[in-house]
Amino acid sequence: MKHYDVAIIGGGPAGSATAITLGRLGWRVLLADSAPAGRFRVGEGFPPSARSLLNDLGVLEGFLDARHRTSYGNVSVWGSDEPHADDFIFHTHGQGYQLDRAAFDQQLRTAARQAGVSVHASTRLSQTAAEDGFHLQLSRDGQEQPAHSRWLIDAGGRPAVFARQQGAQRLTDDRLVAFYLLLHSPQGTDQDGRTLVEAVEHGWWYSVLLPSGERLVTYLSDLDLLDRQQLLSSEGLWQQLAQTRLLWELCQAHGYRPGTSVHGMDAGSGRLSLFHGERWAAVGDAALSFDPLSSQGIATALYCGQHCAQAVHAALQGDPEVLPGYADLLTRIYAAYLSNRQQFYGMEKRWSESTFWKRRQVRKALFNSAGRAKRAGSSDLGLT
Ligand SMILES: Cc1cc2nc3c(=O)[nH]c(=O)nc-3n(C[C@H](O)[C@H](O)[C@H](O)COP(=O)(O)OP(=O)(O)OC[C@H]3O[C@@H](n4cnc5c(N)ncnc54)[C@H](O)[C@@H]3O)c2cc1C
């Protein structure tokens, strides 16, 4: 049976960033990711300010060689009927990207392997507590393989199954859900790499042109305010899209039609009540999850992954005092995020009777984030 210092549940950005950092520090690390190879997933907007995180992880060169789509800014219909363009050219960090997300996640796992990490793709990791750490079970294609680790990191995304088994609770701040669809255009005339955002009476939409040439359209609203069955039906989301202005005009101009079925997922804001415990820590969406309006999920996962690794590195060397500092960092990031989220939503005042917007109205006037609906001239949320 193989023995590891650290086992990581989940090979998304958070798990890989943690694994790369721990691997380079010389620890024996196992990283398991259950997602089927090449599976499509949403979460593609990569803001300009996040490039430095890839540099810190030593993966920027490979990233720039990959086929992600360059994004020069955002266009939003938010707080007013007029579209507002925010060009990244006016910001210090340069261009952003619409990621080929499967390729991006794969690149990070490859970097983890190069850092000496034992990477297990398409493999589910489960565990039971042992006196000196955890007994592990790696499951792939019906085959089981045992292993052992001293430490365990939950980077398994929003469900945070392991952290919750350890007694942490998921504290949620809203019930936002996302419904998305990929559109196909026979014309192939669309070249707009910008993120389009449009507020509507009961929520908001965003759309991006993916590197594949497909256009992603995503509707976000609160779970209790929408008709889930209707949205998931073949024409449901498409009919809802027809109520928009900017996005519908774009679809008409390029002859877009639905190319896939509709998928729904949790997109709410939340955090764990506990970020670490006896021989374990949580990172990425497992620890903190953000509203997609922020476009900060991946950057935060990369940033916190490196900090989580440093805290676990210290603990493995006999200094557990660094872990509370890590928890404090996450608490501060989440507080800053909530404040920014309130600023964004507070800007939209056109539907004063709408429950969705009423839940999100605030009085503060400051505005300071790098999110999708960002206005020209505002400064980035400084994560680094
Ligand atoms: C609709 C929507 C749009 C978004 N858009 C953006 C965006 O534009 N920009 C942005 O920065 N962020 C965006 N996000 C957020 C972003 O996708 C996440 O913040 C990011 O993926 C978090 O990375 P992670 O590594 O923590 O978790 P994940 O990327 O969720 O990775 C977790 C991995 O763990 C695996 N796993 C779970 N359990 C196990 C197990 N037991 N064994 C092995 N593997 C396991 C899962 O299969 C998964 O691959 C969006 C989110 C939503 C919902």
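Reader: How should I read the open sheet of three strands that contains S7, and what is its order?

Author: Strands pair if DSSP finds at least two bridges between them, and strands (E, at least two residues) and helices (H or I, at least four) are DSSP runs numbered from the N terminus. In this sheet the order is S3-S7-S4, and the pairing is antiparallel. Strand S3 (45-46) and S4 stand at the edges with a single partner strand each, so one side of each has no neighbour in the sheet. The model is a predicted one, in which local features need pLDDT of at least 70 and side-chain atom pairs count only at pLDDT 80 or more, while totals for chains, interfaces and linings use all residues. Residues are numbered from 1 along each chain as its sequence is written.

Reader: How many bridges join S3 to strand S7, and which residue stands opposite Gly45?

Author: Two bridges join S3 to strand S7 (residues 96-98), and the residue of S7 opposite Gly45 is Gln98.

Reader: In what order do the strands of the open sheet that contains S19 follow one another?

Author: That sheet also has three strands, in the order S12-S19-S22, with antiparallel pairing. Its edge strands, strand S12 (170-172) and strand S22 (288-289), each pair on one side only. Three bridges in the antiparallel sense connect S12 with strand S19 (residues 270-272), and there Leu171 stands opposite Arg271.

Reader: With which strands does S2 pair, and in what sense?

Author: With strand S1 (residues 2-9) it pairs in the parallel sense over four bridges, and three bridges join S2 to strand S8 (residues 118-120), again running parallel. S1, H1 and S2 together make a right-handed β-α-β unit; right-handed here says that, with the strands pointing away from the viewer, the path from the first strand over the helix to the second runs clockwise.

Reader: What domains does the protein chain have, and how many residues are in contact between them?

Author: The domain assignment, which is automatic or from a database, gives domain 1 (2-70 + 99-172 + 268-358) and domain 2 (176-266). Their centres, taken over C-alpha atoms, are separated by 27 Å. Counting a contact when C-beta atoms, placed from the backbone, lie within 7 Å, 17 residues of domain 1 are in contact with 21 residues of domain 2. On the side of domain 1 that touches domain 2, strand S4 (69-71) and helix H11 (355-358) each supply at least two residues.

Conventions. Contact = placed C-beta atoms within 7 Å.
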